[in-house]
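Try each one before reading its solution.

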Number of protein chains: 2
Amino acid sequence: MAGALKKDRATGAANAVTADLVAVLVAVTEGEPKIMTIANDGALPSGPFEFAHRSLQSGLRAWVEAQTGHPLGYVEQLYTFADRGRTGDAKSPHSISISYLGLTREDKVGQGFEAHWSGWYEYFPWEDRRAGLPASLAKTLASRLRAWAKSAETTGLQRQRWQRAAITFGLDDREWNEELVLQRYELLYEAGLIPEAVRDGAAATTVIPGKPMTGDHRRILATGIARLRAKIKYRPVVFELMPAEFTLLQLQRSVEALAGRLVHKQNFRRLIEQQQLVEETGAIATEAVGRPAKLFRFRHGVLAERAIAGTKLPLSRT
Amino acid sequence: MAGALKKDRATGAANAVTADLVAVLVAVTEGEPKIMTIANDGALPSGPFEFAHRSLQSGLRAWVEAQTGHPLGYVEQLYTFADRGRTGDAKSPHSISISYLGLTREDKVGQGFEAHWSGWYEYFPWEDRRAGLPASLAKTLASRLRAWAKSAETTGLQRQRWQRAAITFGLDDREWNEELVLQRYELLYEAGLIPEAVRDGAAATTVIPGKPMTGDHRRILATGIARLRAKIKYRPVVFELMPAEFTLLQLQRSVEALAGRLVHKQNFRRLIEQQQLVEETGAIATEAVGRPAKLFRFRHGVLAERAIAGTKLPLSRT
DNA sequence: TGGCTTATACTTATCCTGAGCATAATCGGA
DNA sequence: TCCGATTATGCTCAGGATAAGTATAAGCCA
């Protein structure tokens, strides 16, 4: 077995792979979450990890700036994929995709860049539950899922499929869980209800609304949305997406935009204030109907003061 | 700028990289967390991602089984690293490490495998706070950290360093946060207090207790411990580490072993029971001092029934 | 039997959360 | 000027979750 320990560290042609860096770059503008896209809105900014890059992150920064002209601020790694099956082609060498989530503010895309800010719900219409289930899906979604479940061979499998659909999509009086973005996408893919599945060989049927993307990009986007929806609950990352000064309602609208659902206004404010995440600037928001709101800014100090925990264990003091 | 969109997809030698798969394989035996190691306890199971591997996970499974004889059960991806700086050598092509966390139960390592189960606190003595700070560290740790902070050039930097140390290590009456495993390791590395830092070029000093590992492996292990400590709080993953039947105290001891701190017995039981994670087997534990305890088993049903949410947003019903 | 050990049931005070009511401040017409 | 629409902001209240501790049960062993 000692032989197994020896590893072929040389870049032998046999085990060489290419690594792609992919960015899910998010902004929120006027209550709508946006993502940076290239190639006619059908792809995320991305490019190969090259010898010249000092690190994965610096490689990603280089590609995003080259393709979009947008500098990268807050960044975190999402996931690393390498499924040859998904992209077809069983002959070519392995290609790995290392994906990242970036948070910024929308600004004008510079001259000469073929990049755009696109609303992320164009790609995932079923994820926006702020006004209930969108009309374009209300009729079809559940019935298509039921049809998929029914098409299984045994009744056991049928029940299993339906249970999975019901849990992920909040059917049969179950709670909607906004974090299951990836699970819902994977299910729709397996059910052959989205263009990517048909492209990859599923039986051609009428698909569910929602713009497709090249390769795995919509799956990567789903991963990014899921991560962000989970993270805003226990880390103050929303502020990366806000302007320097904002009203509490603007903050709330941003959170709602990301989560795809509405929050209770008064309780939201209590939460924000008790955590001391913001402080008043002293200024008052103009240009709005209704009573003018105070402007707040993020207290950057909290990041240094607290290492926010999030315990769920009944710890003992002794 | 259109040129920037074109990507060199061919496996040109220039952008070829090698990808290593690394496994943090965890078990808990009699209240001690263990990890699978090879190479005289100085390395994690790992090997290159090869052309023959169908996917990243299957490649990992192949390597772990070849090196340890142990089958891989529950697996999740941890992180992907590619810092050329860390491993020295600015000339060689990029090498990427894709790391995974695996959960199993300890069993005998088969004949002919140079693999061992090692206690994970041998690598991170400062992470075990079940009996307070270990005696081997009580005197040194805080003073070494203070010395490091003092050695900064400006008083501003000194304060910054000490604040960072105090937050991550729970000094100055701050709370100990067991999830900051990676941050603590990174800080010790930067402070030159562990062998890996000296190996990589830091000034040679007396280091803090704790076994080093090759390359980035102890950093990867820190990442795995941190992930697991966070995850046991909101997903029922502990059960992957438990035998089929167990007493509530054994379960508690396992959680404590992973978290590195003690929990309140009665409240722990209430938490487990109210979440309906377990059910009685009807049997009673023998071979123990004191009143015999009921045996429980994990209710696998919960995984299907619930998509455990973990909301921290004040959602609105309307 | 009494003492040691662990299991398990119950109590208490406090805090957090969801939900809703009430009032304040501004604007645009009637 | 007053009313209605709209948003901001303060406050209450009930129910549930949590931290901590008390009390009792059930084994073993000397």
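**Exercise 1.** In which sense do strand S1 (residues 18–29) of chain B and S5(B) pair, and over how many bridges?

Solution. Keep in mind that this is a predicted model.
- Step 1: line up the two strands; S1 of chain B and S5(B) run parallel, with nine bridges between them.

**Exercise 2.** Find which strand is joined to S5(B) by seven bridges, and work out why S5(B) counts as largely enclosed.

Solution. 
- Step 1: the strand is S4 (residues 74–81) of chain B, and S4 and S5(B) run antiparallel.
- Step 2: for a check on this pairing, take Phe81(B), whose bridge partner in S5(B) is Ser97(B).
- Step 3: now the burial. A residue counts as buried under 20% relative accessible area. Eight of the nine residues of S5 (residues 95–103) of chain B are buried, so the rest of the structure largely encloses the strand.

**Exercise 3.** Over in chain A, work out what surrounds helix H6 (residues 181–190).

Solution. 
- Step 1: seven of the 10 residues of H6(A) are buried, so this helix is largely enclosed by the rest of the structure.
- Step 2: name them: Val181(A), Arg184(A), Tyr185(A), Glu186(A), Leu187(A), Leu188(A) and Tyr189(A).
- Step 3: look for their neighbours. The buried residues of H6(A) pack against helices H4 (140–150), H5 (155–169), H7 (195–199) and H8 (217–231) of chain A.
- Step 4: follow the chain onwards, and after H6(A) comes Gly192(A), with a positive phi near 70°.

Conventions
Residues are numbered from 1 along each chain as its sequence is written. Chains are lettered from A and ligands numbered from 1 in the order in which they are written. This is a predicted model: local features need pLDDT of at least 70, side-chain atom pairs count only at pLDDT 80 or more; totals for chains, interfaces and linings use all residues. Side-chain values use heavy atoms; hydrogens and water are left out. Buried means under 20% relative accessible area, exposed over 50%, partly exposed in between (1.4 Å probe, protein chains only). Helices (H or I, at least four residues) and strands (E, at least two) are DSSP runs, numbered from the N terminus. Contact means heavy atoms within 4.5 Å. Two strands pair if DSSP finds at least two bridges between them.
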